Amino acid sequence: MSNASDISERNTVFRPPRGGVMTKEVGVVTGELELHTRAEEDGTLVLRIRYAGADEWYTPEGGPYRLYDPRDHEVLHDVLVTLLHRPQP
């Protein structure tokens with residue numbers, strides 16, 4: 001039996017470094033972006049990116065991503081935002 005707590009979602013607005021984020025659908029996106037992550041019941045971590053406030057979502061290159069434990073979702077989301085927001089040397 002599953003319940004609503006088996007699926008968690010997080011969103012964070014961030015600004016990527018120069019070079020942006022590569023997506024499968026449209027290539028590189030830059031500027032103020034939003035990262036959405038969703039942990040599925042089967043352990044899959046779904047990532048989507050959009051321009052902050054826009055309607056259309058894009059899939060970052062890479063994946064599919066698997067969580068070892070769905071409880072890791074919040075920490076992994078924060079790590080992804082930190083990596084995507086990291087300044088270029």
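Visitor: Hi! How do strand β1 and β4 pair, and over how many bridges?
Guide: Hello! In this predicted model, strand β1, residues 8–14, runs antiparallel to β4, and the two are joined over seven bridges.

Visitor: Nice. Which residue in β4 is the bridge partner of Glu9?
Guide: That's Arg38, on the β4 side of the pairing.

Visitor: And which sense does β4 take with strand β5?
Guide: Antiparallel again: β4 and β5, residues 44–51, share seven bridges. One of the pairs there is Glu34 with Arg50, the latter in β5.

Visitor: What sits between β4 and β5?
Guide: The two strands make a hairpin with four residues between them. Gly43 is in that turn, and its phi is positive, about 95 degrees.

Visitor: Let's switch to the helix. Which residues are buried in α1?
Guide: His73, His77 and Val81 are buried there. They sit on the same side of α1, because the arc they cover around the axis is only 75 degrees.

Visitor: What do the buried ones pack against?
Guide: Against β1, β4 and β5. On the other side of α1, Val75 and Thr82 are exposed.

Visitor: What span should α1 have, and how far apart are its ends?
Guide: With 13 residues, 73–85, at 1.5 Å a residue, it should span 18 Å. The end C-alpha atoms are 18 Å apart, which agrees.

Visitor: New topic: Thr23. Where is it, please?
Guide: Thr23 belongs to strand β2, which covers residues 21–23.

Visitor: Buried or exposed?
Guide: Thr23 is buried, because its relative accessibility is 2%, and the cut-off for buried is under 20%.

Visitor: What does the side chain of Thr23 reach?
Guide: The backbone nitrogen of Val26, at 3.3 Å. A polar atom of the Thr23 side chain also lies 2.6 Å from the backbone oxygen of Gly27.

Visitor: Which residues does Thr23 touch beyond four places away in sequence?
Guide: Val29, Tyr58, Thr59, Pro60 and Glu61.

Visitor: How about Trp57, where is that found?
Guide: Trp57 is in the loop between β5 and β6. Its C-alpha atom is 9.8 Å from that of Thr23, with the two residues 34 apart along the chain.

Visitor: And what is Trp57 in contact with?
Guide: Setting aside neighbours within four places in sequence, Trp57 contacts Asn11, Glu34, His36, Arg48, Ile49 and Arg50.

Key: Residues are numbered from 1 along each chain as its sequence is written. This is a predicted model: local features need pLDDT of at least 70, side-chain atom pairs count only at pLDDT 80 or more; totals for chains, interfaces and linings use all residues. Side-chain values use heavy atoms; hydrogens and water are left out. Two strands pair if DSSP finds at least two bridges between them. Contact means heavy atoms within 4.5 Å. Buried means under 20% relative accessible area, exposed over 50%, partly exposed in between (1.4 Å probe, protein chains only). A polar contact is a pair of N or O atoms within 3.5 Å; within protein, one must be able to donate a hydrogen and the other to accept it, and residues adjacent in sequence count only if both atoms are side-chain atoms. The expected span of a helix is 1.5 Å times one less than its number of residues. The arc is that of the directions from the helix axis to the C-beta atoms.
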